[in-house]
Amino acid sequence: MAPGQSCVVPDMVLSSQLDEVTDRRRSGERRLLFAVLRGGIVTSLGRSFSSRKGRRGELAQARRWVNARDSAVMSFSWICTQLGIEAAQLREAIRVKGRG
């Protein structure tokens with residue numbers, strides 16, 4: 001852990017906290033990135049609205065996307081960076097929440 005970095009991982013992110021991320025600069029691009037990030041998180045936690053048939057594949061794909069350590073355009077890490085979110089901390093919060 002880097003100096004000054006908190007070891008506390010929130011159990012959940014409040015809607016008001018997410019609004020703060022998107023309110024900083026409400027460009028269409030930021031809203032799109034936030035929507036992609038949110039969709040990936042929701043799906044990786046198994047809370048997708050898709051049919052049961054394709055759900056297992058979506059779940060695995062979303063979890064691979066969240067856990068990938070690359071910085072390619074539209075990767076989890078890249079989107080977090082663009083939105084000013086610490087990817088490692090969010091990834092850990094998703095992992096912990098997924099257990100519950």
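Why does Met-74 count as partly exposed? Met-74 has a relative accessibility of 34% and therefore falls in the partly exposed class, which spans the range between buried (under 20% relative accessible area) and exposed (over 50%), using a 1.4 Å probe and protein chains only. The model is predicted, so local features need pLDDT of at least 70 and side-chain atom pairs count only at pLDDT 80 or more, while totals for chains, interfaces and linings use all residues. Residues are numbered from 1 along each chain as its sequence is written, and side-chain values use heavy atoms, with hydrogens and water left out.

The chain contains five helices and zero strands, and its elements run α-α-α-α-α from the N terminus on. Helices (H or I, at least four residues) and strands (E, at least two) are DSSP runs, numbered from the N terminus. Of the 100 residues in the chain, 24% are buried. Contact means heavy atoms within 4.5 Å. Among contacts between residues at least 6 apart in sequence, 50% join residues at least 24 apart.

Met-74 belongs to the loop between α3 (52-67) and α4 (76-83). Its phi is near 75°, a positive value in a residue other than glycine. Together with Leu-32, Val-36 and Val-73, Met-74 forms a nonpolar patch on the surface, with about 340 Å² of accessible area for the group. Patches are made of residues with over 30% relative accessible area and no salt bridge; like charges are joined within 9 Å, and nonpolar side chains (Val, Leu, Ile, Met, Phe, Trp, Tyr) within 5 Å. Leu-32 is a residue of helix α2 (residues 28-44), and its relative accessible area of 52% makes it exposed.

Ser-75 is also placed in the loop between α3 and α4. Ser-75 counts as buried because its relative accessibility is 8%. The side chains of Ser-75 and Asp-70 are joined by a polar contact of 3.3 Å. A polar contact is a pair of N or O atoms within 3.5 Å; within protein, one must be able to donate a hydrogen and the other to accept it, and residues adjacent in sequence count only if both atoms are side-chain atoms. Leaving aside residues up to four places away in sequence, Ser-75 touches Trp-65 and Asp-70.

Trp-78 is part of helix α4 and is partly exposed, at a relative accessible area of 23%. Not counting residues up to four places away in sequence, Trp-78 touches Leu-33, Ser-71, Ala-72 and Val-73. Trp-78 and Leu-33 are 45 residues apart along the chain, and their C-alpha atoms are separated by 9.7 Å. Arg-30 and Gln-82 are 52 residues apart in sequence and 8.0 Å apart in space, C-alpha to C-alpha. Arg-30 is buried, since its relative accessible area is 9%.

Helix α5 (residues 87-99) holds Arg-91. Arg-91 is buried yet has no salt bridge, and the nearest side chain of opposite charge, Glu-86, is 7.2 Å away. For charge, Lys and Arg count as positive and Asp and Glu as negative; His and the chain ends are not counted. The side chain of Arg-91 makes a polar contact of 3.0 Å with that of Ser-77. Beyond residues up to four places away in sequence, Arg-91 touches Val-66, Asn-67, Ala-68, Arg-69, Phe-76 and Ser-77.

How many salt bridges does a search of the whole structure find? The search finds one, where a salt bridge is a side-chain nitrogen of Lys or Arg within 4 Å of a carboxyl oxygen of Asp or Glu. Arg-95 forms a salt bridge with Glu-92, and the closest N and O atoms are 2.2 Å apart. Both residues lie in helix α5, three residues apart, about one turn of the helix. Arg-95 is partly exposed, with a relative accessible area of 41%, and Glu-92 counts as partly exposed at 27% relative accessibility.

Key
Areas by Shrake-Rupley, 256 points an atom, 1.4 Å probe, with all protein chains shown as cover.
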